[in-house]
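Visitor: I am new to this structure and would like to be shown around one part of it.

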Amino acid sequence: MNDQAEGTQATPSPIILETRNLQKDFKGFTAINNVSVQVQTGSIHALIGPNGAGKTTFFNLLTQFLKPSAGQIIYDGKDITHSRPAGIAQKGLIRSFQISAVFPHLSARENVRIALQRTLGVSYQFWRSKRVLDQLNEEAQATLELVELGDFADTKAVELPYGQKRALEIATTIALKPRLMLLDEPTQGMSSEDVSTVTDLIKRVVEGRTIVMVEHNLNVVATLADTITVLNRGEVLAEGDYDTVSTNPAVMEAYMGTTDAA
Amino acid sequence: MSIQVILAQALLGLNVGVFYAMLSLGLAVIFGLLNIINFAHGAMYMLGAFIALIGYSLLEQWFGISLQIGFWASLLVAPVIVGILGVLIERLMLKRLYELDHIYGLLLTFGITLILQGLFSNYFNVSGTPYPGQPESLSGVVNLGFMYFPTYRLFAIVFSLVVCFATWWVIEHTKLGSRLRAGVENPDLTQAFGLNVPLMVTLTFAFGAGLAGLAGVLAAPIYSVSPLMGADLIIVVFAVVVIGGMGSIMGAILSGLALGLVEGLTKVFYPPAASTVIFFLMVLVLLFRPAGLFGKEK
Amino acid sequence: MTNRILFILMLVAGLTAPLYAYPVFVMDLLCFALFACAFNLLLGYAGLLSFGHAAFFGGAAYITGYVTKEWGFTPLLGILAGAAFAMVLGAVFGFLAIRRQGIYFAMVTLALAQIIYFLALQMPFTGGENGLQGIPRGHLFGLIDLTDSNAMYYFVFAIFLVGFGIIYRTINSPFGEVLQAIRENESRALSLGYDVDHFKLLAFVISATLAGLAGATKAIIFQFASLTSAHWQTSGEVILMTLVGGLGTVFGPVVGAITVGALSHELSAFGSWVQVILGTIFVVCVLVFRRGIIGEIQRLASRKQG
Amino acid sequence: MPPDQRPELLRIENLHAWYGESHILHGMNLTLHEGEVITLLGRNGSGRTTTLKAILGLVGRRTGSIKIHGTEVINMPTHRIAHVGKLGYCPEERGIFASLNVDENLELPPVVAEGGLSVDEIYTMFPNLKERRKSQGSKLSGGEQQMLAIARILRTGATLLLLDEITEGLAPVILKSLDEVIRKLREKGFTIILVEQNFRFAAPLADRHYVIEHGQVVEQIDAADLEAKKEQLNRHLSV
Amino acid sequence: ELTDGKVKIGVLSDMSGVYKTLEGPGAVVAAKMAIEDFGGSVLGKPVEVISADHQNKPDIGASTAREWIDAKEVDMITGLDNSSVGLAVQGLANDKKTITLNTGAGTTALTEEQCTPYGIHYVYDTHALPVGTATAMVKNGGKSWFFITADYAFGHSLRDNTGAVVKSLGGEVVGNVNAPLSTNDFSSYLLQAQSSGADVIGLANAGQDTVNAIKQANQFRIVQSGQKLAGMLVFITDVHSMGLDIAQGLQFTTAFVWNQNEETLEWSKRFYERHGAMPTMVQAGVYSAVTNYLKAVKETGTDDSDTVRAKLGEMTLNDMFVKNGSILPNGSMLHDMYLVEVKKPSESESEWDLLRVVSKIPAEEAYIPLSESKCRLVN
Ligand SMILES: Nc1ncnc2c1ncn2[C@@H]1O[C@H](COP(=O)(O)OP(=O)(O)OP(=O)(O)O)[C@@H](O)[C@H]1O
Ligand SMILES: Nc1ncnc2c1ncn2[C@@H]1O[C@H](COP(=O)(O)OP(=O)(O)OP(=O)(O)O)[C@@H](O)[C@H]1O
Ligand SMILES: [Mg+2]
Ligand SMILES: [Mg+2]
């Protein structure tokens, strides 16, 4: 639906992530049932659905925090169904968490540096001084500035206000130069003001990357998403852009409760 | 090896097992509710035994009180005294540690263990003092067909089993129990509902400590009463709790009994490993069932 | 800053110790200090509580004792062999334990250590309860006679400094940074692409190796390898030393080892009262003195500045 | 009776609260009459949850005055406050006990006053909970957990309900049934403090709105004035 | 001449563990009594005592001994009531050319495989113990034996030596089970022993292990159902702690009985006044060892170890503890041992009146003859 031509150039395949008949059972209860989804390179793909639809579970499957009961996950043309979590991250598939995930007692700069450090290849070198990491400071600062945290480089993460923690988390994620970012409810529990900050931020960083996000806030979804997949009871209920999905009677029934609540 | 011998050994294993069960039960209750690893549990077991001993034969000599606390009374008195000590420890010390890492509780109780053991080593023979107060009515032997079994040991088995399963029943099937479990899971909220969690915590600790004391009294007529009787036992009991699943009440009881049996049979087939077999099992269990046999994965 | 001052203090104290103290005793303290530092690397910087470190300390001692006594290894080579053994053992323990968290981790390490203890008791070459006795001190580089107390002392002090240096560097290395990140937020570190288990394992192996180095050195000093070193109480003691000195501080374990070591030595004439006194100290430490000696000093220092 | 002539139920004066070193509430003042429904509005981290927790004594330290039914509770231990104040609390994160089943969860809070709903009445009100009475708390869906969290404080006879973000993370379809529940409670004369992010949900339910910023009340708006003060409110909340 | 202007004697013992009562603080009392009885000084110079707890850990024992010798000018070490500690300290003291008078440990390795020119084994060993006990029991019809052995050097050595005695008298060993040290529940091993049908259950262990085993045997009616128990190493304090009800009839070998004659009685009463318990053979041995060491120093006029050791080898030892004793080149102190039996409660006249001497075992029978010694100093 949403062919992004320039994305196709950057990567050989226009589909960066695909699940084929993915399934997850919890002791006789099927949380994800036969879900096949394709994510276009360079798009923002949102996942919505009522509580307990299986969104978080689906995410956990993608990042190997849970093992699928059946089906396949194809990332960048390769089957990653049975890869290790860290291995996936090294291939450029990075997730964020529903609760904010920073390293609380490190400064903002160090938070970003931890991400940058991985590509430097010195992380196992316990015999070298950590001063070798100073070469990353410039890049860390640049990344912080991208999310408007330039002035807070020396502040400990724990002391940052909520919205800025979110921003820092995104900065850390970007520092890894991810090709695909998975965001789980990036605006959950935020005030409207913080929501728009984060929405802007996502818009800003999406350039050249693909994002898959779980979101309850339909405003955010409407603003950001190119494609929306609606899950219900572990199955795909509908898929398409916002207009298609939000007018789908089945979605209105299951998600909004017949009248428009959005 | 004849089936009689195996049966006899299994029964002896069960005898050891009930002590494991009772101690690990107390430990599990305390860990479950307070998130404290009570290293002093072994010392409390020792204390229980000593209270029985002192109450029976030393009150007069030491304090000039002409009173003799017999075995049956000790079954009540010793757990109560150990429980009161538990209250003091919890109220005065452990209370300040709940927010901190587990290891501080472990360390504190380790310190308390050293103190208790040291104190008793100063006044008592480390090589053990016999407890003379075993009641006449239990002093015989029972002919089980395949062996003569001391009546007292049989009594200890039955008595402990009753205590263990009663405790389990209270915790799993009564309102008191559900309140305790709620207090474990979310103490703040439980308090906000109007339940006195600090009191519940204190009493639970006292109860766990009392169980150890009770086990000590039961052990006194079987083994020598010695200041170090709890020292090595405690490590084994830790292993039992871990195998059963940290915080799982039934897990603690059943694995205590089962490991007593395993240990008993190891003593027949490969005695040198008797004191280590539990640790082998613990490694295996943790490798294949990280949360223990009965524990829930987090 | 404080670290530099403390380091100079330690160096001076270490170099002059034989002038005013019984060298063998100081050597013993140095071994425990190194052991505690190694342990602290794991608990203080990687957040992993091992309750089985005695296995490395004691295990290495047996190996060192055996190779120097039976195979005629030189003392240095013997010590290296002991440390290498601890390294391998650490890799095995780590492989088995690293996936477990918190108290379970502690318990797996304890269980594994109990098995090593069992082997130390049962294997023929260890001498069972008698221990492995009569380990020769030998000559360092074939030249320096280590039966001389002073020569031995400076040899041990050098080993301590090397071990201490390795730990200090590890803490302040890129690897140390990742360790800290893992301790702060493990799943985030994982999602950033760090193989958390590998990092923990490496930290575990380094810690085990250095604990082994300490145990191996001790075997040469006392010409003795015994079950005591492998017993779980030794694992408990090293925790206590680390905490008394200050968990997660560079010098804390050194100070803690010296304090606890000196205390038990000075009080040994009091029989069981030693236990009572040590127990009381620990209770007091845990209740009111939780940062440990160095931790408290650092807090006071930073307060004055702030 | 107009709300502010009814007897006073809760009066908070100059309330300060701390978590460890961090000072969160800076002199809150708030009054609530019997049968009123009020909301606490504000941005993330403004201190609304903390206000509820401070009433219950769940913060590290607090000073000032909190009177419920005329009794000072600021120095009371948490477990007494629920009894003295006839309080029911529904926490932000729902607080369903995973190790207890639905029945046990429901029967956990002790009765604090006469007149609570019976278990049967509750199950009539929330029929889908009845179906799952023996399920563990952890196995419930988000919506069911939310229902249970409210249901269990209705049993205790509490007449002052502190409800924190009960709509968070719920699909619109569930919001509708929650809305009905609150309306029913209101009719029955319960006094309610609603902490809400979802203004659209809370607005039609409340008699009064308090806007909180940095641990202080910065604005108090009666339901009747809501239209008139919309502008102001938007500025505070940037809706 | 004395090297440092005084004679310093170190009592290194278990002051807090399982052997505390059989040696421990009582040994320090005995050493002090010996010095006082000797006049408090030798060659006009003071005699001092220093003591420490080895905690039954060979490494602690050895490092304490090392410090004593290196830094505290200790001339002689006695006590050492644990085979592992004894071997460790004797080895170390040999390097440092210091005399040890081991009163507490059992293993024959001290004077056999690991003998040293400075190590003396004074009170008993794992050869002397079974000779009397096992011989008496085999002669009374206890032909088949089952051993419950403490699983360490001392236990093994005791078991092997006893087994050899049993076999040499025509008996047989039908089984053995090694129980870990400090086992608190022997019932399983006892039942194995019971089901073996052996005439005698030999307890090749010591201290608390022995006490526990005997107590539990009583619970399971093992003696009542016809089997005999043989405690291979039992101290009067063990009997005292078990009580006569349980221990009565038990036979074992000892080097000393406190109320055996006037001389022992007189000394033991003095000891009792200071210590609150009657002396074990080990504590009495410490008294004798210290006395004789001081005699040797006095007679040679020096504390030089080689000279003193040579003198000790020439002396004939005679005091309340030992009659006509002599110290062999391998360090073994040859003296008579006694087979004793625990009295019935009705026979006992006082709290500590617990033992009756059955027979005397002459020194030559009790100890390994020099001709069979494995000590490298001898053959
Ligand atoms: N570990 C588990 N064991 C059993 N059931 C589970 C487990 N985890 C999730 N479930 C069930 O799977 C279903 C889907 O859960 P999931 O967390 O994916 O929902 P969601 O779509 O993210 O909902 P929400 O919007 O509330 O976050 C739910 O019914 C939940 O109860
Ligand atoms: N346990 C705690 N320890 C320390 N600080 C806390 C704690 N809980 C909350 N805070 C801080 O207190 C401030 C107020 O938090 P509170 O939870 O009351 O906000 P809120 O208005 O309810 O917002 P939200 O929408 O996030 O629930 C925030 O800055 C928060 O970071
Ligand atoms: Mg979710
Ligand atoms: Mg809140």
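Guide: An oxygen atom of ligand 2 is 2.3 Å from an N or O atom in the side chain of D:T50, a polar contact, meaning a pair of N or O atoms within 3.5 Å. This is a predicted model, in which local features need pLDDT of at least 70, side-chain atom pairs count only at pLDDT 80 or more, and totals for chains, interfaces and linings use all residues. Residues are numbered from 1 along each chain as its sequence is written, chains are lettered from A and ligands numbered from 1 in the order in which they are written, and side-chain values use heavy atoms, with hydrogens and water left out.

Visitor: Which residues coordinate the magnesium ion, ligand 4?
Guide: Donors are N, O and S atoms within 2.8 Å of the metal (3.2 Å for Na, K and Ca), and water is not among the atoms, so sites may look incomplete. At 1.8 to 2.3 Å, the coordinating atoms are OG1 and OE, and they belong to D:T49 and D:E92.

Visitor: Is D:T49 buried or exposed?
Guide: Buried means under 20% relative accessible area, exposed over 50%, and partly exposed in between (1.4 Å probe, protein chains only). D:E92, at 33%, is partly exposed. With a relative accessible area of 14%, D:T49 is buried.

Terms used: A polar contact is a pair of N or O atoms within 3.5 Å; within protein, one must be able to donate a hydrogen and the other to accept it, and residues adjacent in sequence count only if both atoms are side-chain atoms.
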